[in-house]
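Let's take a walk through this protein together, one feature at a time.

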Amino acid sequence: ASADKEFIDIDPETGRLFMSWTNFAATRQIKVAYSDNMGLTWTHSGTFNQPSGQGSVPRCAANSANVYLVWTTGSTITYTRSFNSGGIWTGPVAIATGLSSPMNPYGSDRIGNHPSMDVDPNNGNVYVTYASRNLPPDFGDVYFLRSTDGGLTFGAPVAINSSPGNDRCQFFPTIAADETDGSVSVVWYDQRAGVGHSDVTEIVHTHSTDGGLNWTCPTALTDKPFYAEVGNTTSQPNI
């Protein structure tokens, strides 16, 4: 067996650490464990047999015993939750379907549609973002979905990049909810500034102050675009 793509979170009240990862065994698994002594020892919490599962992310909710876990399984975003701090997990369910890994953008040969997740510490809303493939020359868009009932149900995914289906590749999105006012921010790599086969890339940001109902126009965080393949000296460029 081989472990890969680990991710960690901490319960803000108890200090319990959660770590999830992909276990490449005879049957691929998503595994999760927790530690109550800052990582000195760990307790196995859950194993989910997922033949194509990858890219898991655990997130703890403030002011509750809720813990959430999300990952990609083939063409779906898969999700499970625990209401007792990781003691028992619900059966995994699909919260988004019909995904394809974004086509490799110019200047990189390995990207995926692994999700990112965060929980609003003020109201318990659960937010998930991921990238999924479109037809060339767009290659991929960034999608957002949310739960407003503490992770029981999720709404339909919504594309939040500038011009879905028409603005070249967006990939590797990451999401965070502000601890003070709950505003939601998403950042990603974006190749909208280039044309043709250009690998010109920006880091782009958008945010919402109403829980993901409305988003600001995506804006570049970088002063100027960079070339994704600059510095790669092999035949397999990886950003």
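Which residues form one aromatic cluster? They are F171, F172, Y189 and F226.

What you see is a predicted model. The mean pLDDT of the protein is 90, with 94% of its residues at 70 or more. Confidence is highest in strand β9, residues 116–119, with a mean of 98. The lowest value, a mean of 89, belongs to strand β17, residues 226–227.

Now let's turn to the sheets. Strands β1-β2-β3-β4, in that order, make up an open sheet of 4 strands with antiparallel pairing. The edges are taken by β1 (3–10) and β4 (43–49); each has a single partner strand, so one side of each is left without a neighbour in the sheet. From one strand to the next, the twist averages 15 degrees. Have a look at the pairing of β3 (residues 29–35) with β4: these two run antiparallel and are joined by 6 bridges. To place yourself along this pairing, find A33, whose bridge partner in β4 is H44.

Stay in this region for a moment and pick out R16. Its side chain takes part in two kinds of contact. R16 forms a salt bridge with D36, where the closest N and O atoms are 2.7 Å apart. This pair links distant parts of the chain, 20 residues apart: R16 sits in the loop between β1 and β2 (17–23), and D36 in the loop between β3 and β4. R16 also lies over the face of Y34, at 3.7 Å from the ring centre. Is R16 buried or exposed? With a relative accessible area of 16%, R16 is buried, whereas D36, at 53%, is exposed.

The structure holds 5 salt bridges, and some others deserve a visit too. The side chains of D4 and K5 meet in one of them, at 3.1 Å from N to O. D4 counts as partly exposed at 27% relative accessibility, and K5 is partly exposed as well, with a relative accessible area of 30%. Elsewhere, D9, R59 and D118 are linked in a network of salt bridges. Then there is the salt bridge between R192 and E202, with the closest N and O atoms 3.3 Å apart. R192 lies in the loop between β14 (184–190) and β15 (200–208), while E202 lies in strand β15, so the pair ties together parts that are 10 residues apart in sequence. R192 counts as partly exposed at 27% relative accessibility; E202, at 11%, counts as buried.

Let's come back to the aromatic residues. How many aromatic pairs does a search of the whole structure find? The search finds 12. One of them is Y68 with Y79, a stacked pair with 6.2 Å from centre to centre and 20 degrees between the planes. Why does this pair tie together parts that are 11 residues apart in sequence? Because Y68 lies in strand β6 (residues 67–73) and Y79 in strand β7 (residues 76–82). Both Y68 and Y79 are buried.

The rings of Y130 and Y143 have centres 5.6 Å apart and planes at 15 degrees, so they count as stacked. Here, too, distant parts of the chain are linked: Y130 is in strand β10 (residues 126–133) and Y143 in strand β11, 13 residues apart. Y130 is buried, at a relative accessible area of 3%.

Y143 leads us on to our last stop. In β12, the bridge partner of Y143 is A159. Strand β11 (residues 140–147) pairs with β12 in the antiparallel sense over 2 bridges. These strands belong to an open sheet of 4 strands in the order β9-β10-β11-β12, with antiparallel pairing. Its edges are held by β9 and β12 (158–159), each with a single partner strand, so one side of each is left without a neighbour in the sheet.

Key: Residues are numbered from 1 along each chain as its sequence is written. This is a predicted model: local features need pLDDT of at least 70, side-chain atom pairs count only at pLDDT 80 or more; totals for chains, interfaces and linings use all residues. Side-chain values use heavy atoms; hydrogens and water are left out. pLDDT is the predictor's confidence in each residue, from 0 to 100. Two strands pair if DSSP finds at least two bridges between them. Rings of Phe, Tyr and Trp (its six-membered ring) pair if their centres lie within 6.5 Å; planes under 30 degrees apart count as stacked, over 60 as edge-to-face and the rest as tilted. Buried means under 20% relative accessible area, exposed over 50%, partly exposed in between (1.4 Å probe, protein chains only). A charge sits over a ring if NZ of Lys or CZ of Arg is within 6 Å of the ring centre and within 35 degrees of the ring normal. Axes are lines fitted to C-alpha atoms, for helices over the stretch in contact, and angles run from 0 to 180 degrees between N-to-C directions. A salt bridge is a side-chain nitrogen of Lys or Arg within 4 Å of a carboxyl oxygen of Asp or Glu.
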